[in-house]
Amino acid sequence: MAAGPRVLNVNVGVLGHIDSGKTALARALSTTSSTAAFDRAPQSRARGITLDLGFSCLRTALPPQLGPGPGELQFTLVDCPGHASLIRTIIGGAQIIDLMMLVIDVTKGMQTQSAECLVIGQIACQKMVVVLNKIDLLPEGKRQSAIEKMTKKMQKTLENTKFCGCPIVAVAAKPGGPEAPESENPLGVSELIEVLKSQAYLPSRDPSGHFLMAVDHCFSIKGQGTVMTGTILSGSVSLGDSVEIPALKVTKKVKSMQMFHTPVTYAMQGDRVGICVTQFDPKLLERGLICTPESLHTIHAAIISLKKIQYFRGALQTKAKFHITVGHETVMGRVMFFSPAPADFNEDVQEDAFDFEKDYLYQEAYLSKDSNSSENKENDQAGEVQLPRQQWALLEFEKPVTCPKLCLVIGSKLDTDIHANTCRLAFHGVLLQGMEDKNYTETFLPKLKVYKLKHKEGQVERVMDDYSVIGRSLFKKETNIQLFVGLKVKLSTGEDGIIDGGFGQSGKFKIRIPDGLKPETKTLLTAASKKKSKAGKGDTTKEDESSKNDSVQPVTISLLFKRYVFDTQKKMIQS
């Protein structure tokens, strides 16, 4: 490692709406091109758009803020595709990015995908530079004022994001467009390089822990073997190490390694590297993960801690299906949202662990300010809207996924119309607990204590004696009342009661009142039943009049209990 000057690698994601000129910008910036760079895929060239993550690099002298020289700063440019249907690829790219360049077509401003890229950037990246591209399309006389106008507009857009106040640079990466001769010099690119240098920071890299690399290309070299190129997400790798391709359950030895055409013997987190192995068919792995053997798990379901993405329109409903991106895979999955029990809404957020000892409350949808607006508006005046500080979801995947623990998870609705002007990213979170057992519904879910609150209401039919009443309308005729015997109920007049058993065949039941009925309750109930018997004798006209005068309120019975969603015995529990 000591040979040659120190090279610091910073991964710069080039993201933006399709046709904003990302590839041309990466080409104008870069000096060394890696294998994956510049739309080399035949379908990419034919369509003139980037279909996969392209990589190339730019080397410059180490700026003073990054420590004493001599040394080089290498920017690895990750050119992410802008095509909406390829957003999965961008999400894959964004997980390895230290600094993001959001490319905006200066003649168009923010577009759907530029907004989605901004959302991904906020989730996965710490710093950003906005590049206003294609300034050569603005008439020279009005160019400066148009750039200033768009700069102000972008500053406003970024006001409420973590990129507020980030640098905005105007360039023309390829003056005259793709058909123009190569002799046309780009405008503003050297200024952009200076801005990138000023924004570069020492990313926190950690060579310890398991080796994990996101492979984005795999190809064979005659007489050498198969080369997998990608970015190391965690840990480090040395010549001779064994690495596993978990999706295929295959382990291979590292025969040689290269970083941008320079052979190396060691690489660590954040480095972009090509790893050569023998006797492996490159067709088996276009992209995916390789790792320290046995370090990744393949899971069928997961518990995640999550947050809704503010630009997503609509509620996040339990039982809905989303495209779930976990690690580098995107699969369909069904969600179930849950929150802390109401008493724990203000508890501290647990970033990296899930507590199976606690009780959690089932939610029909993710709780957010806009989730049930009508109720909230009334409460808002009273200042009572309470949202928990943390919420979780159970994700059940349609097919198993292989991923590291504690990885980033993004849920999106990728089937939404590409041209609709809406954000399709719905939520993001962290994977806290994966379920590796195929039969997780039997072996694992019963440990998850998520409950639903149940509330049933019925009415008192009549008094039996001072210590018991008969109730109705709480159960259906076919309900097995034995299951409810011993549960506590409350009368609307204030007495506490206990369900004693069924009464007759029509779903009525007997309630024992341990402290006895209050005299006024008895009077109320006797009056009500007298009325009934009067009405029964066909004296209906009088009944109507008298009910106008003193309508007797029925005495209601309320039964509250909770039931755990994954409890196989469906027990009813009262606190």
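Arg472 is partly exposed, with a relative accessible area of 25%, in a model that is predicted. In the chain, Arg472 belongs to strand S26, which covers residues 468-472. Although Arg472 and Phe503 lie 31 residues apart along the chain, 9.4 Å separates their C-alpha atoms.

The second residue described here is Glu495, which is located in the loop between strand S27 (488-491) and strand S28 (496-503). Glu495 is buried and yet has no salt bridge, since the nearest side chain of opposite charge, that of Lys518, is 4.8 Å away, whereas a salt bridge requires a side-chain nitrogen of Lys or Arg within 4 Å of a carboxyl oxygen of Asp or Glu.

| Side chain | Partner side chain | Polar contact |
|---|---|---|
| Arg472 | Glu461 | 3.0 Å |
| Arg472 | Ser473 | 3.4 Å |
| Glu495 | Thr493 | 2.5 Å |
| Glu495 | Thr521 | 2.7 Å |

Which residues is Glu495 in contact with, leaving aside its neighbours within four places in sequence? Glu495 is in contact with Val489, Lys490, Ile513, Gly516, Leu517, Lys518 and Thr521. Among them, Thr521 is also joined to Glu495 by the side-chain polar contact of 2.7 Å, while Lys518 is the residue whose side chain is the nearest of opposite charge.

Definitions and conventions: Residues are numbered from 1 along each chain as its sequence is written. This is a predicted model: local features need pLDDT of at least 70, side-chain atom pairs count only at pLDDT 80 or more; totals for chains, interfaces and linings use all residues. Side-chain values use heavy atoms; hydrogens and water are left out. Helices (H or I, at least four residues) and strands (E, at least two) are DSSP runs, numbered from the N terminus. Buried means under 20% relative accessible area, exposed over 50%, partly exposed in between (1.4 Å probe, protein chains only). A polar contact is a pair of N or O atoms within 3.5 Å; within protein, one must be able to donate a hydrogen and the other to accept it, and residues adjacent in sequence count only if both atoms are side-chain atoms. Lys and Arg count as positive and Asp and Glu as negative; His and the chain ends are not counted. Contact means heavy atoms within 4.5 Å.
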